[in-house]
Amino acid sequence: LLLSGEGESAGYAVVGRAGDTNVLYEMAGHPASFPALWQHIVCRHHAILINDRSGSASHHWLSENAGIAWKPKKLAMWRSLTNADQAKLFNSYIPYFDRI
């Protein structure tokens with residue numbers, strides 16, 4: 001867990017690491033905190049995998065400032081065990097902290 005900023009301008013990132021690859025599970029909070037968080041995430045790593053939701057504050061910031069090449073993916077965790085409408089589930093989003 002990375003933290004940046006204070007008060008209303010605070011933000012956090014949940015990051016994992018596998019060798020020289022970082023995995024950004026979630027970056028949230030005030031966009032003013034994103035530059036410092038991002039600098040820590042990219043430091044000394046050759047690859048970064050990002051889990052984000054289209055339209056989120058972090059998605060907008062990363063698109064404008066980090067030159068990310070986005071690839072939409074279906075999440076295996078959304079595989080329904082019922083007859084639920086898969087299209088509705090695909091567009092759903094639960095923040096990382098709410099999943100654990």
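**Close-up views of a predicted model**

**View 1. S3, H1 and S4 form a right-handed β-α-β unit.** The crossover is called right-handed because, with the strands pointing away from the viewer, the path from the first strand over the helix to the second runs clockwise. Helices (H or I, at least four residues) and strands (E, at least two) are DSSP runs numbered from the N terminus. This is a predicted model, in which local features need pLDDT of at least 70 and side-chain atom pairs count only at pLDDT 80 or more, while totals for chains, interfaces and linings use all residues. Residues are numbered from 1 along each chain as its sequence is written, and side-chain values use heavy atoms, with hydrogens and water left out.

**View 2. The protein contains four helices and four strands.** From the N terminus on, the elements follow the order β-β-β-α-β-α-α-α. Of the 100 residues in the protein, 28% are buried; buried means under 20% relative accessible area, exposed over 50%, and partly exposed in between (1.4 Å probe, protein chains only). Among contacts (heavy atoms within 4.5 Å) between residues at least 6 apart in sequence, 42% join residues at least 24 apart.

**View 3. Four strands make up an open sheet with mixed pairing, in the order S1-S2-S3-S4.** Two strands pair if DSSP finds at least two bridges between them. Strand S1 (2-4) and strand S4 (47-50) are the edge strands, each pairing on one side only. Neighbouring strands are turned by 30° against each other on average, direction ignored. Helix H1 packs on this sheet and touches S1, S2, S3 and S4, and its direction makes about 170° with that of S3. Axes are lines fitted to C-alpha atoms, for helices over the stretch in contact, and angles run from 0 to 180 degrees between N-to-C directions.

**View 4. Strand pairing occurs in both senses.** Strands of a sheet pair through backbone hydrogen bonds, either parallel or antiparallel. S1 pairs with strand S2 (residues 11-18) in the antiparallel sense over three bridges, and alanine 13 in S2 is the bridge partner of leucine 2. S3 and S4 pair in the parallel sense over four bridges; here leucine 24 stands opposite isoleucine 50 in S4.

**View 5. The largest nonpolar core has 10 residues: Leu2, Ala13, Leu24, Met27, Phe34, Leu37, Trp38, Ile41, Trp61 and Leu62.** Strand S3 (21-29), H1 and helix H2 (57-65) each supply at least two residues of this core, and the largest share, four residues, comes from H1. A nonpolar core is a set of buried Ala, Val, Leu, Ile, Met, Phe, Trp, Tyr and Cys residues joined through side-chain atoms within 4.5 Å. Not counting residues up to four places away in sequence, isoleucine 41 touches Leu2, Ala13, Val15, Asn22, Leu24, Met27 and Ile48.

**View 6. Serine 58 lies in helix H2.** Serine 58 counts as buried because its relative accessibility is 3%. Its side chain makes a polar contact with the side chain of aspartate 52 (2.6 Å). A polar contact is a pair of N or O atoms within 3.5 Å; within protein, one must be able to donate a hydrogen and the other to accept it, and residues adjacent in sequence count only if both atoms are side-chain atoms. Not counting residues up to four places away in sequence, serine 58 touches Met27, Phe34 and Asp52.
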